[in-house]
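This report looks at charged side-chain pairs and then at the overall build of one protein. Please keep the sequence and the model in view while reading.

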Amino acid sequence: MVFTLIRALLFDLDETLHNRSGSLPHFLRDQHQRFREVSHVPITDYIATFLTLDQVGRVWKDVVYAEMITHFQLSLSVEVLLQDYVTRYPIFARSFPGVDDFFAQLPSELPIGLLSNGRTTFQRAVCDAIGLSPSFTQIGISEQEGVRKPNPAFFLHLTDRLGVRPDEVLYVGDHYDHDILPARALGMQAIWKRTGDVPLTDTQFSDWRQLPAPLQDLIRKENQS
């Protein structure tokens, strides 16, 4: 892929900036310890079952907890566990190493957008918790937008509000089908944030401390200005 003029950045949140897979087990361990009604469930089973039902965040947590209650025969309501998740999970939310340093070095005049599937209040709380909310010019959450990725309309909502054409946007996301493919189909320049040990190229990376060339170039221009 040949990267051309970049006039705006657009990011996915979970597993791109927010290390959800690393943060969630810490919250679940804390929840398990605080509720005596789940003390009979081995902690490893509690965490593993939640993660399986959660499907990497694609299933609403009210559905997940309803299944958990049935599976483990818990004497708790969905509402109690869901409220606990909504209010306490952000305490445990962390970004990936290197994310803060990257955002701190971006040009101050560069428009930056966030594009995330999820519930508005919760995703904004996570964004606040990892300290990135002030970095974004525009934030789009699927619940408030009324559309979800990979629907191209969701991407265009954000480019319109950022005041740029899709081909002027560099998008970074972790899900190939929901992030990278629809972004590229709209003409966006896209970089795939992957999990695990993968080769570093211009179009993919796995560690925010080892950036692909297009992201390095943005920082380099800022430091040379």
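Arg220 is partly exposed, with a relative accessible area of 37%, where buried means under 20% relative accessible area, exposed over 50%, and partly exposed in between (1.4 Å probe, protein chains only). Asp217 is likewise partly exposed, at 33%, and the side chains of Arg220 and Asp217 meet in a salt bridge with an N to O distance of 2.5 Å, a salt bridge being a side-chain nitrogen of Lys or Arg within 4 Å of a carboxyl oxygen of Asp or Glu. Both residues lie in helix H10 (residues 213-224), 3 residues apart, which is about one turn of the helix; helices (H or I, at least four residues) and strands (E, at least two) are DSSP runs, numbered from the N terminus. Elsewhere, salt bridges that share partners join Arg7, Arg165, Asp167 and Glu168 into one network.

The model is predicted, so local features need pLDDT of at least 70 and side-chain atom pairs count only at pLDDT 80 or more, while totals for chains, interfaces and linings use all residues. Residues are numbered from 1 along each chain as its sequence is written, and side-chain values use heavy atoms, with hydrogens and water left out.

A search of the whole structure finds 14 salt bridges, including these:

| Pair | N to O distance |
|---|---|
| Arg34 and Asp30 | 2.6 Å |
| Arg161 and Glu145 | 2.9 Å |
| Arg220 and Asp217 | 2.5 Å |

Arg34 and Asp30 are 4 residues apart in helix H1 (residues 20-34), and are therefore separated by about one helical turn. Within this pair, Arg34 is partly exposed at 35% relative accessible area, whereas Asp30 counts as buried at 16%.

Arg161 forms a salt bridge with Glu145. Because Arg161 lies in helix H8 (residues 152-162) and Glu145 in helix H7 (residues 142-145), the pair ties together parts that are 16 residues apart in sequence. Arg161 is partly exposed, with a relative accessible area of 35%, while Glu145 is buried, at 15%.

Turning to the whole chain, the protein has 10 helices and 6 strands. Its radius of gyration is 19 Å, close to the 17 Å that the globule rule gives for 225 residues, so the protein is as compact as a globular protein of that length; the radius is taken over C-alpha atoms, and the rule is 2.2 Å times the number of residues to the power 0.38. The C-alpha atoms fill a box of roughly 60 × 35 × 30 Å, taken along the principal axes, and buried residues make up 49% of the 225 residues.
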